[in-house]
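Visitor: Please show me the model, and then let us go through the terms used for it one by one.

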There are 2 protein chains.
Amino acid sequence: METKIRILLYEDNRDLREGMTFLLQATPGLQLIGAFPDTSNLEMQIPGLKPDVVLMDIDMPGRTGIEATPVVKALRPETQVLMLTVFEDEDRIFQAIRNGASGYLLKRTPPTEIIAAIHDVHRGGSPMTSSIARRVLHFFQQEQPVAKMKDYDLSPRELEILKSLVKGYSYKLIADEHFISIDTVRSHIRHIYEKLQVNSKTEAVLKALKERIV
Amino acid sequence: METKIRILLYEDNRDLREGMTFLLQATPGLQLIGAFPDTSNLEMQIPGLKPDVVLMDIDMPGRTGIEATPVVKALRPETQVLMLTVFEDEDRIFQAIRNGASGYLLKRTPPTEIIAAIHDVHRGGSPMTSSIARRVLHFFQQEQPVAKMKDYDLSPRELEILKSLVKGYSYKLIADEHFISIDTVRSHIRHIYEKLQVNSKTEAVLKALKERIV
DNA sequence: GCCATTCTCATCCATTTGGGTGATGAAATA
DNA sequence: TATTTCATCACCCAAATGGATGAGAATGGC
């Protein structure tokens, strides 16, 4: 390893902080450049210490780890934030991820895996426990009851017209777009409304979007 | 371990299939109950063999692993599908995930980790390599340029009206909903249009949704 | 007190939209 | 071949919508 990975630790629990400090200092290839019980001085510490990886607890007094993460990313985008916490609820996981966290580990993860995860996140990976990963995947899967999704039996032409509606076009515009008369457009739209069981442009557009018929 | 994990393998490459077969048969706690070069007989094999975990290659002749996955989940929802493939592009990853895969490993993953992943997915985790995980997280993060988002300076009342518009309501309905006259509704909506720079209900609704002002 | 904003309501007018009805020719299907 | 579906267009009418303009009451800030 050429140069050590520069690590910053934010953890309010003193025992845990000191334990992690010991672990990190004892590990070759890693360099702990700071360990703090809160994020109140982020704005000084991040630009000053230039960490490669920040280990972030979630539940801290003052600014939580979730709130601090986007600040870190804003101050120094190349810094990787690794959440290290006891919380496993989807809300916090997603908030952390949306805020720019690159990894999400539970504190009960064995030390060797935490070390591995630090290297991992520094290499551009996103380490996470598989239970966290399951929740993330679940998010993608829980989607629509696509299977039961009625296709509403729209004709090809009706589908095109519906797409134009979803673009926010007026009847006249749609007519021009498709080189047909406005009455033909109206005719198609009437059929679309009937099939979708709606009776206005807005409702049709909303339904089309919500059930992604478009 | 009380009872062995029942595993089905779908992999068209003969060498890989035989290699995996050897690995799985040599591992205590696992029971390979079938290994097939294609998914043409899924409909018989899944209900007949009742696998706990299916190892699924993506690129197979006939029905691909991505297409086969939802079929597996439909035939036997409790079966966990673990993608095992060489492809690492976001498209395929997301297709697989959306189709119900519970894990996603690259074939170059070391055998011991594959074994661990099988146990993992069977326990309800979602093993994935951290590079895959990074891509998944990236999907959440790439979102909107929230920062640049103008708030359009809508008044509280206008925002409420806009929300009603997004519900697909007509002027009359909105008037009733808020106990105001229809002309007042029209007045608010005109102001909304002006601020959002649109000139129809549909456009306003689309803009509100797209920029999630609602 | 004065000013800006917001919320309210109104009137007038033109355009758009929704709904009813019907018709024609082409294409696909039974 | 007969029937059905699709795409096209038309005419009528009523309701909804969009745009211009104005105006009174309430609120909050300066």
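**Contacts between the chains and with DNA**

Guide: The contact takes 36 residues from chain B and 34 residues from chain A, where contact means heavy atoms within 4.5 Å. This is a predicted model, in which local features need pLDDT of at least 70 and side-chain atom pairs count only at pLDDT 80 or more, while totals for chains, interfaces and linings use all residues. Residues are numbered from 1 along each chain as its sequence is written, chains are lettered from A in the order in which they are written, and side-chain values use heavy atoms, with hydrogens and water left out.

Visitor: What makes about 2,600 Å² the area that chain B and chain A bury between them?

Guide: Buried area is the accessible area (1.4 Å probe) that two parts lose on being put together, summed over both; for chain B and chain A this comes to about 2,600 Å², with 64% of it on carbon and sulfur atoms.

Visitor: How many salt bridges does the rule find across the interface of chain B and chain A?

Guide: The rule asks for a side-chain nitrogen of Lys or Arg within 4 Å of a carboxyl oxygen of Asp or Glu, and across the interface of chain B and chain A it finds zero salt bridges.

Visitor: Why is the approach of Arg186(B) to a base oxygen of DNA strand D called a polar contact?

Guide: A polar contact is a pair of N or O atoms within 3.5 Å (within protein, one must be able to donate a hydrogen and the other to accept it, and residues adjacent in sequence count only if both atoms are side-chain atoms). An N or O atom in the side chain of Arg186(B) is 2.5 Å from a base oxygen of DNA strand D, so the pair qualifies. Arg157(A) likewise has a side-chain N or O atom 2.7 Å from a phosphate oxygen of DNA strand D.
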